[in-house]
Amino acid sequence: MLRSSLAAAGSSAAASSSKRSAALAHAGCSSCITSIAASQPSSSALTLRSRAFTSSALNARGKNDSGYIRRLEKGEPSPGFIERWSSRKDSSPRNDNIPRLKGGKFVGKGRFQQQSKNPPKVDFSIPEPPTAQQVGRKLVEKLTAMTKDPKLPSQLADYGIKGRPAQALLQHHTKETHSERRRPSEFSAEASSASIDSATAIKLFRTWAEEAKDQIPTLALLHDRGERAHVEIFAYISDAVSSYTIEGDECLGRLCTSAFLDWVDRGFESLSTSSASLNLTAAQIADISLTRSQLSLLRNCMDLRFPFHRYARARTLTRNIHLHVGPTNSGKTHGALVALSKARTGAFAGPLRLLAHEVWDRFNNGTVSPGVAARACNLVTGEEQRTVDPLAGLVSSTVEMVSTTRAVDVGVVDEIQMIGDPRRGFAWTNAVLGLQAKELHLCGEASVIPLVQNLAKACGDHLTIHSYDRLTPLKVADESIHDDLGQIQKGDCIVAFSRSAIFALKRDIEKRTGLRCAVAYGALPPETKSEQAKLFNQGKLDVMVASDAIGMGLNLRIKRVIFDAMTKWNGKEEVTLSASQIKQIAGRAGRYGTQDKATDQADLGGIVTTRQEHELEILRAALASPLLPITKAAVQPNSEALTQLSTMLPGKAGSGGGLRTLSQIYADVSLLSRIDSTNFFLSDFSQQLTILPLIESASGGLLTVAEREIYSNAPANTRDERVVAFLCKAVSQFSRGGLIAFDDAAKDLSMLEIENEVVSLMNQAIDARNRASSANQSTKINNNNNNDEQEAQQLPLVAYINKVSRSNNKSSGNGDGDGGMVGGSPRW
């Protein structure tokens with residue numbers, strides 16, 4: 001019953017993909033970047049691996065604009081087609097009677113090889129929603145699967161469908177003859193055992209499911225015809241159609257459970273009103289009433305249909321919401337930041353630590369806009385907190401860390417289209433609904449306009465929409481670089497989607513071209529990323545090699561963006577980037593204000609291309625595609641609701657009354673939640689479910705629900721055994737009431753040795769630069785050479801690593817003139 005797991009690979013405001021990578025990079029030191037690179041495989045090998053992939057049908061949770069390409073297995077028959085909104089876990093072709101037509105053509109994806117002459121086009125058009133009959137078939141299949149689920153009987157019993165009331169209801173609905181039927185009063189007290197409760201609950205569910213399966217096809221047909229039909233057995237066909245577009249199969253269990261519990265409640269009500277004819281005693285009527293009350297409390301706890309009511313303080317305000325929409329490089333965020341700089345108190349909330357750190361730095365240094373003075377601004381992210389001034393009126397934070405309890409004059413929420421993200425979107429929903437700001441600025445794509453209008457109306461706020469156009473042109477190059485890294489030029493940015501690919505590209509580019517590369521990706525410390533961006537913008541480093549994190553932060557002087565690949569590993573499979581992701585990344589090229597006044601008019605703007613020629617058409621299709629409308633916002637219960645649910649349900653079996661595990665609670669949430677499917681959908685908990693078994697095991701049941709929820713969002717890469725061991729030790733220390741001692745948690749894990757080597761290399765590079773400076777100063781040279789000397793003194797530390805390595809190799813007797821370097825980087 002758990003929500004289907006999608007591995008967490010994306011960047012998070014409060015989490016990095018690996019603690020190990022942060023240890024490798026000394027804060028603010030560009031030499032640390034180079035020192036990591038040589039341990040990575042070559043970019044060409046990584047590129048080849050990224051081309052050979054299989055892809056199953058995409059889960060439809062907000063990814064409708066993502067194309068995907070599937071490889072046929074050996075000997076597999078001709079493929080059918082898989083509907084784009086499907087969330088099937090298998091990638092087998094379908095040849096059923098469900099229509100999948102769009103504009104007279106099938107909507108389906110094939111598989112192309114790396115060098116295919118006629119690769120199939122990826123469809124970035126807005127997909128057609130599923131019909132009610134398609135969803136109805138899925139509902140019938142889900143009901144059949146739920147009746148066979150061994151976990152469901154105990155779950156239903158935990159929800160209160162047990163004891164004599166449930167037995168009376170079962171007898172009331174079953175088709176037994178009068179002689180076979182026992183009156184409810186004939187059940188003994190022994191009938192309340194767990195096994196009998198579970199058996200009664202599943203019999204009730206199967207009784208209802210048989211009726212529901214008979215009615216759903218008719219209800220679906222009437223819905224497709226536009227005819228209204230209210231049948232109490234299943235009143236959620238409209239919600240199912242609406243939710244399925246975003247959530248896929250994951251919404252079906254929730255809707256089936258809601259319909260079943262409605263049916264149970266009506267059955268209990270019928271028993272109460274017919275108590276005289278059924279010869280029910282006063283005690284039995286009281287039991288039925290108590291069961292109905294408990295079930296009502298349980299469902300009200302998970303009622304998420306009106307999330308704006310959670311924020312009573314924000315509802316006391318009539319906020320002025322300014323929605324700034326436009327493409328990248330249109331100046332929409334700039335105007336919001338200027339408004340924030342003029343406020344006495346304010347808050348900025350961004351999607352990445354990188355962006356929160358950049359805004360924090362710009363406010364404190366007075367670089368928000370010409371004429372805007374420096375302002376004290378504090379920083380709050382999941383990784384760090386920096387208090388510049390305890391009385392500072394401004395705070396820059398990641399969106400998960402923004403406070404909804406602090407009243408401010410102006411609030412700014414960036415990348416508002418992330419409100420539709422299955423995993424992180426709930427944080428944007430909380431910020432939009434809960435920020436106590438007299439003036440709230442939301443910045444992002446125009447795709448969110450209808451949704452924000454609905455939310456503003458529900459909150460009673462005033463909404464003003466500001467539209468922007470791109471300030472500089474963006475064009476797609478006529479051809480790719482044909483997999484030739486020798487074509488990389490100064491001012492280029494090549495985008496890859498894994499840390500190993502980034503460092504492999506850095507090494508190969510430096511080796512092929514002699515240009516020096518900066519790097520930027522989510523796991524780097526903010527100071528290091530800022531330093532790398534600064535060196536690139538100043539021209540001291542020539543090429544930027546970055547992850548997709550640049551799509552939501554850092555103003556870089558990029559002339560041309562090159563996609564190393566148009567696919568990305570999502571934790572489970574390789575999928576083509578969505579049109580929105582491609583537009584965000586491509587828009588970094590030719591940003592306004594990053595080009596000189598002397599730049600020719602013809603050279604203004606940016607260029608975008610790909611590394612492989614066959615992927616250029618994917619790029620063109622994505623940039624030309626329409627915006628995918630974002631019509632629903634992600635919601636999930638807060639810590640208080642999860643704690644309340646935990647107290648209302650029994651503990652895990654065999655624990656002697658112990659706490660219910662958070663994994664079980666999330667499974668309950670996925671069944672019991674009630675959602676307004678017009679404007680909202682339930683978040684995906686797969687990220688938390690990946691790490692929760694570790695947390696539950698290490699804590700020994702000694703953590704509260706809220707504490708377990710916090711740890712479930714820890715920035716831990718579960719593929720790194722050392723990080724997992726460190727996390728478990730830290731959780732174990734904290735759960736037993738002690739402070740977390742880093743040395744104890746890291747003991748025997750060898751986590752600091754590489755850091756020490758990096759620091760040592762950095763110190764040697766500093767010494768080499770100082771010696772070079774002293775030698776130049778002691779030499780009497782002409783004025784021109786003096787200028788060269790000043791320029792040399794400004795070189796980053798990375799320029800001195802070759803000298804350090806050569807010196808080390810000579811002293812060790814190694815005759816390799818390259819000093820153990822590959823492309824300017826040490827092999828270790």
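**Terms and their grounds**

Q: Why is lysine 213 called buried?
A: The relative accessible area of lysine 213 is 19%, and buried means under 20%, so lysine 213 counts as buried. The model is a predicted one.

Q: What makes the pairing of glutamate 210 with lysine 213 a salt bridge?
A: The closest N and O atoms of glutamate 210 and lysine 213 are 3.4 Å apart, and the cut-off is 4 Å. Both residues lie in helix 7 (residues 194-224), three residues apart, which is about one turn of the helix. Residues three or four places apart in an α-helix point the same way, because there are 3.6 residues a turn.

Q: Why is glutamate 210 described as partly exposed?
A: Its relative accessible area is 46%; partly exposed covers what lies between the buried limit of 20% and the exposed limit of 50%. Glutamate 210 is therefore partly exposed, whereas lysine 213 is buried.

Q: How do you know that arginine 424 and glutamate 400 meet in a salt bridge?
A: The N to O distance is 2.8 Å, and a salt bridge requires these atoms within 4 Å. The pair links distant parts of the chain, 24 residues apart. Arginine 424 is in the loop between strand 8 (408-413) and helix 14 (425-434), and glutamate 400 is in the loop between strand 7 (394-398) and strand 8.

Q: What makes arginine 424 buried and glutamate 400 partly exposed?
A: Arginine 424 has a relative accessible area of 8%, and under 20% means buried. Glutamate 400 has 26% relative accessibility, so glutamate 400 counts as partly exposed.

Q: What makes aspartate 483 and arginine 611 a salt bridge, and where do they lie?
A: Their closest N and O atoms are 2.7 Å apart, against a limit of 4 Å. Aspartate 483 is in the loop between strand 11 (474-476) and strand 12 (492-495). Arginine 611 is in the loop between strand 18 (606-610) and helix 19 (616-624), and the two are 128 residues apart. Arginine 611, at 2% relative accessibility, counts as buried, while aspartate 483, at 34%, counts as partly exposed.

Q: How many salt bridges does a search of the whole structure find?
A: The search finds 27 salt bridges.

Q: Why are helix 10 and helix 20 called roughly antiparallel?
A: The axes of helix 10 (residues 282-301) and helix 20 (residues 639-648) cross at roughly 155 degrees. Angles over 145 degrees count as roughly antiparallel, so helix 10 and helix 20 are roughly antiparallel to each other. Their axes come within 9 Å, and helix 10 passes helix 20 in a left-handed crossing. Gln294, Leu297, Leu298 and Cys301 of helix 10 make the contact with Ala641, Gln644, Leu645 and Met648 of helix 20. By class, this contact has six nonpolar, two polar and no charged residues.

Q: What makes helix 12 mostly covered?
A: Eight of the ten residues of helix 12 (residues 332-341) are buried. Among them are Ala336, Leu337, Val338 and Leu340. The buried residues of helix 12 pack against elements including strand 3 (320-325), strand 4 (346-350) and helix 13 (353-365).

Q: How far apart are histidine 462 and threonine 318 in sequence and in space?
A: They are 144 residues apart in sequence and 7.0 Å apart in space, C-alpha to C-alpha. Histidine 462 lies in strand 10 (residues 462-467). With a relative accessible area of 45%, histidine 462 is partly exposed.

Key. Residues numbered from 1 in each chain as written. Predicted model: local features only at pLDDT ≥ 70, side-chain atom pairs only at ≥ 80, totals over all residues. Heavy atoms only, no water. Axes fitted to C-alpha atoms, helices over the stretch in contact; angles between N-to-C directions. Helix = DSSP H or I, 4+ residues; strand = E, 2+ residues; numbered from the N terminus. Parallel < 35°, antiparallel > 145°, perpendicular 65-115°, else oblique. Left-handed = near helix turned anticlockwise from the far one by under 90°. Contact = heavy atoms within 4.5 Å. Nonpolar A, V, L, I, M, F, W, Y, C, P; charged D, E, K, R; others polar. Salt bridge = Lys/Arg side-chain N within 4 Å of Asp/Glu carboxyl O. Buried < 20%, exposed > 50% of the residue type's maximum accessible area, 1.4 Å probe, protein only.
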